[in-house]
Amino acid sequence: MTRLPIRELRLDGEIKDDIVTRTLYATDASSYREMPVAVAFPKSTADVKAILAFAKKHSASIIPRTAGTSLAGQVVGSGIVLDVSRHMTGILNTDVEGRRVTVQPGVVLDELNLYLAPYGLFFAPETSTSNRCMIGGMTGNNSCGAHSLVYGSVRDHLIAVKAILSDGSEAGFKTLTTGEFHEKRQLPGLEGDIYRNVWETLTDGINRNRIADAYPDKAIRRRNHGYALDLLMDSEPFIENGEPFNFCKLLAGSEGTLCVFTELTLNLEPIPAKEKALLCVHFASLEEAYRANLVALKYHPTAVELVDKAILDLTLQNPEQTRNRFFVEGDPAALLMIELLGDTREEVMDICRSIREEMRSAGLGYAFPTLWSGDIVKAYNLRKAGLGVLSNMVGDAKPVNVVEDTAVAPAKLPAYLAEFKEILRKYRLECVYYAHIGTGELHLQPVLDIKTREGVELWRTLAVEAAHLVKKYKGSLSGEHGDGRLRGEFIPFMYGEDVYQLLRKIKYTWDPDRLLNPGKIIDTPPMNASLRFEAGAPTPEFDTVFDFSNVLGYMRAVEKCNGSGDCRKSSLVGGTLCPSYMASKDEQLTARGRANILRTFLIGGKQAETLTEADVYEVLSWCLSCKACKSECPSSVDMARLKAEFLQRYYDKHGIPLRSRLIANLNAINTIGAIAPGIVNFFSNSTLVKKMIGFAPQRSVPKLANRTLNGHLKGYRHIACQSQRKVYLFNDEFTNCYDSDMGLTAVKLLEKLGYRVEIPVHKESGRAAVSKGLLEKARRFADANVQALHPLISDETPLIGIEPSAILSFRDEYPELVSAGIQGKARNLARNTFLIDEFIAAEMQKGNITRKQFTRQAAIIKYHGHCQQKAVISTATTTYMLSFPENYTVEEIKSGCCGMAGSFGYEKEHYGLSVKIGEMVLFPEVRKAMPDTIIAASGTSCRHHIAENTGRTAKHPVEVLWEALV
């Protein structure tokens, strides 16, 4: 690769060409991969113009990019990636009365709608990626979403665009009168050229007839194949009484090939005030669901979404989506989610009743649960997880994008799908079916292994046969995902060579120097070129400490990341994934970024170029190991585990750094330090010692307790209780050495509630060793604990723990960490191991603990949940437990990870990011709490972080409950 002289550029933003940055941007959510020459992060229109001029000077292309969630390879290319997602994120102007908003292209859809909600307005087109997709990308793809039945696509809501043309000039596009259109034709230069070209093209009767004959049936709402000449030619300059001309119809769906957006003005809709329900109809076959869709459409639903059995089965492998399956009855072959609105709940229930009766009389459906309010959100999250959970399919054969965006008129869909099924049968292929059936578009994803040459060849064969089938039904080959690299090749076939040449003329009038996103839509390379995987190359195999056999090895665990970018959520949207990205807005600090770097390095060869093991080590070092990706990523990419396994291999080769060695051996050090805790506390908090071991001088180190929990219990007189129920308490290394008073409180609480508490002989949990990648050491602890505790622990005598990260190791890591011969014992032990909050909440629900045992005085609690608890078991049990006293009110702070993440927040290079993560939500929420509000947090690191940065003392939930006893 010839490097560009990027230091010539003078930007307010940045431009980078290092191997790590380029590797991060070599892929998106598609099957394609191509190394860019550089990545630019503009801050302003002036930056965009400078980058375009620089690219033109050095014969490089520009690839506009936002969140990189494209499925057709739109933002993959060998030029300069122009990432507007970091800086160009402003909401510039809001006209509430006129119901419009002007934004920069990097504004996230969900964040925009959160901003608009107080005005009673929202931007209606939505995608399943709404929590990270951005308006610029949505416009480039002409996104639709679940409610396109009512609201259409971005094209229907795009009022005006400000853009930089390929010659570096600024232009604005909006609705024009016929007179204004003709004035534009008289302009000199490029802007005038594009108006003259469209006039010449669309006033030609032969061209108009060819376009009308070639383009999809106008009854199809989702029509996104090629450029939208069919819509432009129905404008007033070309026909009488047509719609006013607006080039925005062409720019929506243009995939960055015509200009670079800098501002977009959008039409807004009122938030529906009506009552809403989701009727979730269960079917024994897909064919039933196709027919039932036509019944549903009679009742004017606002959305009809399909989810098939393959998706439903794969959601069982993801903790968060498993919880979202609450409404699923039996084992359906398919679900239809039918959204209905009415002025009252009774009206909506009447519509649901009518649909049920008509479907039952036609023999369609076997279960008809109706969801309301928050349950609708959960069900939609299950549907939105569709793309992500597909990566949970074990093996190299995965559901692939190829026919996933075809759209035909809904009435023709059953016949179209019957013929498509015959194509699948011919090639003996399985397929996944889901998404927007109400508009005639299903995401059809055949299961193929495109890591093999045969699979790649079959992939293209399917694309060709699907194109013929879609053309037969006068459908659109692309409904909302766009053409990109995947479907552009087929535009000449779908529209004919004459119309295709009109599209080429449009492209090269706007972009005569082939500067803007070349190879997308027009003059596209073969769809099976520049793939993420080299066909026929063997998948690398590695010896590992963790058992990755359930996904067929470490490499395939890494490959589960499909690039969908769920880890690019912001703190405004909520959730925990991914805290480092939330605070930095840096792709390198996403779980996707880490997976891309790790995968590329492990594949090696030409892909890796000069990427080194040290580069991977640096990128992975910014992972907090919060575990959020394990549950919130639909693909369940457990980056914390992948990181730990890499570190073990890295240390085997390069040795263990002093700081990592000290942290992994912290319990052994503390055991000795407990002899003279005062001396240890004095020296550990000295600036010199912190600097020596690589801790941030600003950070205070937790102080050892004056007496360990084991020390407390030696002279402790147990509270007498009548119950014969015995529980074993795991005295974790953090509670024992740092929070021993709280540990004693936990023992007292359990005994006061009627349980006999016994602390068995055990080793430390190994949590610190796991977090620093010393997995061989952690395995020794895990093996010893499983062997010691397995004979004691059962349904009747469970194991309970106080510190989430320690006790949840038994559930999360141990089953795959322990030696092969005792994995069965580890799984049995995991089934009867509980966080103390979880155990107490369950006993409350059984009636074994009653409200009479607690005060009736009122209290308000603000609770911050531990990130690993959220990932593995959720915080629902803790909030239930804390709200159990009659007049206790609990508000869970929507804070994600606190930023401390064990030792991460103590380390000097991570200190700033750690504090920044805390400042996003947690610290401000704690600071604004009233003095009498109780602050609660389960994790020892969380409590330390809160105290140090807010001055407030956070209590462990068991302390709160102890104080509530009467």
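1. Ile-63 is found in strand β3, residues 62-65, where helices (H or I, at least four residues) and strands (E, at least two) are DSSP runs numbered from the N terminus. Ile-63 is buried, with a relative accessible area of 1%; buried stands for under 20% relative accessible area, exposed for over 50%, and partly exposed for what lies in between, with a 1.4 Å probe and protein chains only. Leaving aside residues up to four places away in sequence, Ile-63 touches Gln-74, Val-75, Val-76, Gly-77, Ser-78, Gly-79, Ile-80, Val-81, Leu-82 and Asn-517, a contact being heavy atoms within 4.5 Å. Between Ile-63 and Ala-40, which are 23 residues apart in sequence, the C-alpha to C-alpha separation is 9.9 Å.

2. On the basis of these values: this is a predicted model, in which local features need pLDDT of at least 70 and side-chain atom pairs count only at pLDDT 80 or more, while totals for chains, interfaces and linings use all residues. Residues are numbered from 1 along each chain as its sequence is written, and side-chain values use heavy atoms, with hydrogens and water left out.

3. Met-692, in helix α32 (residues 687-693), counts as exposed at 59% relative accessibility. The C-alpha atoms of Met-692 and Asn-293 are separated by 67 Å, the two residues being 399 apart along the chain.

4. Helix α18 (residues 453-472) has 20 residues and reaches 29 Å from its first C-alpha to its last, close to the 28 Å expected at 1.5 Å a residue, the expected span being 1.5 Å times one less than the number of residues. Its buried residues are Gly-455, Val-456, Leu-458, Trp-459, Leu-462, Ala-463, Glu-465, Ala-466, Ala-467, Leu-469 and Val-470, and these pack against α17 (413-426), β18 (443-448), α19 (484-487) and α20 (491-495). After α18 comes Lys-474, with a positive phi near 50 degrees.

5. Helix α28 (residues 639-654) has 16 residues and reaches 22 Å from its first C-alpha to its last, close to the 22 Å expected. Because 12 of the 16 residues of α28 are buried, the helix is largely enclosed by the rest of the structure; among the buried residues are the charged side chains Arg-641, Lys-643 and Glu-645, where Asp, Glu, Lys and Arg count as charged, Ala, Val, Leu, Ile, Met, Phe, Trp, Tyr, Cys and Pro as nonpolar, and the others, Gly among them, as polar. Gly-655, which follows α28, has a positive phi near 90 degrees.

6. Helix α6 (residues 178-185) and helix α7 (residues 189-202) pack at about 120 degrees with their axes 7 Å apart; axes are lines fitted to C-alpha atoms, for helices over the stretch in contact, and angles run from 0 to 180 degrees between N-to-C directions. The two helices are therefore oblique to each other, given that angles under 35 degrees count as roughly parallel, over 145 as roughly antiparallel, 65 to 115 as roughly perpendicular and the rest as oblique. Phe-181, His-182, Lys-184 and Arg-185 of α6 make the contact with Glu-191, Gly-192, Tyr-195, Arg-196, Val-198 and Trp-199 of α7, and these residues divide into four nonpolar, two polar and four charged.

7. Helix α35 (residues 740-752) and helix α42 (residues 836-846) pack at about 15 degrees, with their axes 12 Å apart, and α35 is thus roughly parallel to α42. Their crossing is left-handed, that is, the near helix is turned anticlockwise from the far one by less than a right angle, clockwise being right-handed. Ala-746, Leu-749 and Leu-750 in α35 meet Ile-836, Phe-839 and Ile-840 in α42, a contact of six nonpolar, no polar and no charged residues.

8. The peptide bond from Leu-577 to Cys-578 is cis, with omega near -5 degrees, and Cys-578 lies in the loop between α22 (554-559) and α23 (579-584). Arg-99, although not a glycine, has a positive phi of about 55 degrees; this residue is in the loop between β5 (91-95) and β6 (100-103) and is partly exposed, with a relative accessible area of 32%. Leu-552, again not a glycine, has a positive phi of about 65 degrees, and is found in the loop between α21 (497-510) and α22, partly exposed at 43% relative accessible area.
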